[in-house]
Amino acid sequence: MTPTSAAPKVEGEDLAARVQTGTHFMLGDHACAEGALAAGLDFFAGYPITPSTEICERLAHRLPEVGGKFVQMEDELASMAAIIGASVAGARSLTATSGPGFSLMMENVGLAAIMEAPCVIVDVMRASPSTGLPTAVGQADVLQARWGSHGDYGIVAYAPSSPQECFDLAIQALNTADQYRIPTFIMMDEIIGHMTERVVIPPAEDIPFVPRKTPSEPPGEGTFLPFKPDEDLVPPMAHAGQGYRVHFTGLTHDEQGYPRLTAAAHEKLVNRLVDKVRLNAEKIVMYEEYLLDDAETIVISFGCTARSARHAVTLARQEGIKAGLLRLITLWPFPETRIRALLDTGRVKEFVVPEINLGQVRREVERLTQLPVKRVNNPGGAMITPDLIIEVMER
Amino acid sequence: MTQTVLTGEKKTDTHPVDALLRADRLPHILCPGCGIGTAMHCIVHAMAESGIDRDKHVCVSGIGCSGRVAGYIDVDSYHTTHGRAIPFAVGIAVQNPELAVTVVSGDGDLTAIGGNHLIHAARRNIDLNVICINNFNYGMTGGQAGPTTPLNAQSSTTPYGCWDRPFNLPHLAHAVGAPFVARWTVLHVRQLKDAILRAMQKPGFCFIEVISPCPTNYGKFNNIGSGLEEMESYRRRCVVDHDANLADIEIDLGQEDSPIVVGNFIDVDREPFRPILAGPVREEKPHAAWAGLRKTQFVEDKNGPE
Ligand SMILES: Cc1ncc(C[n+]2csc(CCOP(=O)(O)OP(=O)(O)O)c2C)c(N)n1
Ligand code: SF4
Ligand SMILES: [Mg+2]
């Protein structure tokens, strides 16, 4: 978990309206929206698409109640551009979509990365490619979240496994976006988005809040360099209307923000965009371990599939298979250090990677080990059952 | 601005709009005879005269030669992606309604790749000033045809002459609901500046088409000649008609004897977009049919939070 201050962003009546403290029986999509509201979401722009629509609808109701802004845009190209625009004007902003819209948003994910405009993109994954199975589960946008826009840049992507985690990770994602000034993803899947479960919303004062860094010098002195990073590689951010007269561009730029079209300037900028996530990966990475201590068979999974995987591990143990689960909470950064440490014990004999795609996380695991990495896949449309996972373990 | 002339002698004369420009970014990239600099001049003058605090002005551009304008004006400025200047600006304008947001971009940027955003922002009447610099081609990428390239015109992608019908931009903007619509050329510096000023002071979506020479990539291939010669043809051909029937003001650039109609065509009152603000102290209430979207079922908490 990243270090957090407990200071809430909003106060008084607004805060009470934002944070619906209590125990709820709540849809995953709604829980995601409520988490974002609790974390101080100011601005939502989006375009309806199954299975993410309930996030959009919920925020259409709830944002106006707390003084936030909701805009339904003409498409996802516009939605993505609008949340970046709102971000540079000081908003905590978010959009929500599914595969077809996620592809359109990729254009300006790169702009958010190079402008260092914090924002959150929720992708509730359905079976793809193209229109695929609009109402059925998929998990095949994992690599797209990491590599979907052209070029090299750093992002963080979370994968909730329950409605409760949709709530918690929405808060985490808005904080991470602001802390590192990056586009941040919440990679839900149709089953998690459409699952209704117990969600506990804590008191407002327990909602972690990590603010965006702001310039230390006042405006008007002409000394502030909008893209000069601090030691953590993240520059403080000046917003439109504050008087700093900033220039932001999608072109390669210098610390002033002015275009600097040279290989040297490009190297400096792009390396920093990647490094601010890469060098902080250990702080950002989140995962959950289940029976890993003596495990010889390591199951790696995420999202709805991790729920099957957990049950499969429990059943496998009853059959005497020394199985354990590493559940990814961040898909990106990938928990390489943890996996390497497991390998270093010499105990691990194999990996099993169940996922509702044809091997996207498996590819990451294979990159780290020569051991067998067994696949349990389908390309979308149905949950992977625990039986299937055990069957593969036993092979 | 400090200029070094060929003799090496230093001149320290300042220009009246220096203070409004990012002098440290000059000289600009625009070609000799290009009209974009003149349009930019009108924009900064309008900003200065607007009575709006300079720190509340924001300039947003897309990609293209015209899209470079945001980079030269000394206000908070955003040079975005090709076609997305308007939705980016929508995010700024909706988030902070105190800001006067001016979008400056090219005909290709705003009406081809960004055409969908143009019509929807106008339909919603978002509080934006949109200045579309129409040079009848994609200047930045070397003179390809676009949605404003006249019939039969030459361009690198219409070597047999352009056979698509071009947009009539004021007619389009009016049809999709813009409450202020004007067209001027860069020859009409005063009228253009005044139109921009009006747009800055008027709430809602204001659209101004600025006809501008691109001698490098359009004029040269279409018997127009230099930037100066193109300006000369504007002088000969332009007819000011604020009451023109917008359906009739298509530009037939290749026909020397056809007029170019300019003017402030539309200026009507229309309620601008504002985001709904509901809640305890506000007026709007959602329809009861949607109550389920807001309320969640509270469950009895037997075990306490875990
Ligand atoms: C998505 C995308 N497609 C294509 C381009 C290449 N491109 C850059 S500018 C431009 C056209 C610019 O034309 P216009 O908007 O009319 O501006 P002008 O240069 O004429 O002022 C194109 C096609 C791009 N940058 N991005
Ligand atoms: S290519 Fe055309 S539009 Fe671009 S700067 Fe040159 S003259 Fe102007
Ligand atoms: Mg053009």
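1. B:N152 is partly exposed, with 15 other C-beta atoms within 10 Å; on this scale a residue is buried if 20 or more other C-beta atoms lie within 10 Å of its own, exposed if 12 or fewer, and partly exposed in between, the C-beta atoms being placed from the backbone. B:N152 lies in the loop between strand 6 (129–134) and helix 5 (169–175) of chain B, where helices (H or I, at least four residues) and strands (E, at least two) are DSSP runs, numbered from the N terminus. The phi of B:N152 is positive, about 75°, although B:N152 is not a glycine.

2. Before going further, please keep in mind that this is a predicted model, in which local features need pLDDT of at least 70 and side-chain atom pairs count only at pLDDT 80 or more, while totals for chains, interfaces and linings use all residues. Residues are numbered from 1 along each chain as its sequence is written, and chains are lettered from A and ligands numbered from 1 in the order in which they are written.

3. Most residues other than glycine have a negative phi, and most peptide bonds are trans. A:L233, in the loop between strand 9 (196–201) and strand 10 of chain A, has a positive phi near 75°, and with 19 C-beta neighbours inside 10 Å A:L233 counts as partly exposed. The peptide bond from A:S128 to A:P129 is cis, with omega near 15°, and A:P129 belongs to the loop between strand 5 (119–127) and strand 6 (133–137) of chain A. In chain B, a cis peptide bond with omega about 5° joins B:L26 and B:P27, and B:P27 is found in the loop between strand 2 (10–11) and helix 1 (36–49).

4. Chain A has 14 helices and 16 strands. Its radius of gyration is 21 Å, close to the 21 Å that the globule rule gives for 395 residues, so chain A is as compact as a globular protein of that length; the radius is taken over C-alpha atoms, and the rule is 2.2 Å times the number of residues to the power 0.38. Along its principal axes the C-alpha trace of chain A spans about 70 × 50 × 40 Å, and buried residues make up 58% of the 395 residues in chain A.

5. Which faces of strand 13 of chain A are covered? Both are, with A:A323, A:L325 and A:R327 buried on one side and A:G324, A:L326 and A:L328 buried on the other. In a regular strand the side chains alternate between the two faces of the sheet. Six of the six residues of strand 13 (residues 323–328) of chain A are buried, so this strand is largely enclosed by the rest of the structure.

6. Strand 13 of chain A has neighbours that pair with it, two strands being paired if DSSP finds at least two bridges between them. Strand 11 (residues 287–290) of chain A runs antiparallel to strand 13 and is joined to it by four bridges, with A:Y290 opposite A:L325. Strand 12 (residues 297–301) of chain A runs parallel to strand 13, with five bridges, and the bridge partner of A:I298 is A:G324. From strand 12 the chain crosses through helix 11 (residues 303–318) to strand 13 of chain A in a right-handed β-α-β crossover, a term meaning that, with the strands pointing away from the viewer, the path from the first strand over the helix to the second runs clockwise.

7. Chain B has eight helices and 11 strands, and 50% of its 306 residues count as buried. The contact between the chains takes 46 residues from chain B and 55 residues from chain A, two residues being in contact if their C-beta atoms, placed from the backbone, lie within 7 Å. On the side of chain B that touches chain A, helix 2 of chain B supplies the largest share, eight residues. Strand 10 (residues 247–249) of chain A and strand 4 of chain B run parallel and are joined by three bridges, with A:T249 opposite B:H79.

8. Of the 18 residues around ligand 1, B:G64, B:H82, B:G106, B:G108 and B:G139 come nearest, a residue being near a molecule if its C-beta atom, placed from the backbone, lies within 6 Å of it. Helix 3 of chain B gives the most to this shell, with three residues. Around ligand 2 the residues include B:C31, B:C34, B:C65 and B:C214.
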